[in-house]
Amino acid sequence: MENEEFQNNNADITETEEETEELPFAKAEVVRLMKQHLDSDKMIRERVKVEMNKFLGEILEKVCTQLNQYPYATVEYEMLKECIYPYKNIERINQEKERLLAHLEAIKADCDAMAMDIQRTLKLRDVDED
């Protein structure tokens, strides 16, 4: 029975080690940063730690893919700034999106009102010929 528990615990440790090997960043560092920005009473599940690490790795990959599109051999700070702009300014981008959508809705309402005016005043089928 004890041997069986040891094997189960050992399998869990091996599985965790395998996951750690696949992670792009040191898990302890990611967890430390998460705890730094979370309320002190929050507990972080293991899956969240792993998925956050993978997510950060995916963002890094996407930024590097964009950096690779530049024809230069050296990556400059301005290039990095341009590539990370969407990630650093997501709130402002979403606000701009909402503003544009509201403007488009206003234009749509104006178009609908104009269409109703045209149909009311310029009837093509009911022509009175005197």
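**The contact between H4 and H5**

Author: Tyr 85, Pro 86, Tyr 87 and Lys 88 of H4 meet Ile 90, Arg 92 and Ile 93 of H5. Contact here means heavy atoms within 4.5 Å. By class, five of these residues are nonpolar, none is polar and two are charged. The nonpolar class holds Ala, Val, Leu, Ile, Met, Phe, Trp, Tyr, Cys and Pro; Asp, Glu, Lys and Arg are charged; the others, Gly among them, are polar.

This is a predicted model: local features need pLDDT of at least 70, side-chain atom pairs count only at pLDDT 80 or more, and totals for chains, interfaces and linings use all residues. Residues are numbered from 1 along each chain as its sequence is written, and side-chain values use heavy atoms, with hydrogens and water left out.

Now the geometry. H4 spans residues 77-88, and H5 spans residues 90-121. Their axes come within 6 Å and cross at roughly 65°. Axes are lines fitted to C-alpha atoms, for helices over the stretch in contact, and angles run from 0 to 180 degrees between N-to-C directions. H4 and H5 are therefore roughly perpendicular to each other. That label covers 65 to 115 degrees; under 35 is roughly parallel, over 145 roughly antiparallel, and the rest oblique.

Stay on H4 for a moment. Glu 82 sits in this helix. Glu 82 counts as exposed, at 55% relative accessibility. Exposed means over 50% relative accessible area, buried under 20%, and partly exposed in between (1.4 Å probe, protein chains only).

Val 63 is one of the buried residues of H3, along with Lys 49, Val 50, Asn 53, Gly 57 and Leu 67. H3 has 23 residues and reaches 33 Å from its first C-alpha to its last. That is close to the 33 Å expected at 1.5 Å a residue; the expected span is 1.5 Å times one less than the number of residues.

Leaving aside neighbours within four places in sequence, Asn 53 contacts Leu 23, Pro 24, Phe 25, Ala 26, Lys 27 and Val 30. Glu 22 is 31 residues from Asn 53 along the chain, yet their C-alpha atoms are separated by 9.9 Å.

Next, H2 (residues 27-37) and H3 (residues 46-68). Their axes come within 10 Å and cross at roughly 100°. That makes H2 roughly perpendicular to H3. H2 supplies Lys 27, Val 30, Val 31 and Met 34; H3 supplies Glu 46, Val 48, Lys 49, Val 50, Met 52, Asn 53 and Leu 56. The set divides into seven nonpolar, one polar and three charged.

Last, the whole protein. It has five helices and zero strands. Helices (H or I, at least four residues) and strands (E, at least two) are DSSP runs, numbered from the N terminus. Of its 130 residues, 12% count as buried. Among contacts with a separation of 6 or more, 38% join residues 24 or more positions apart.
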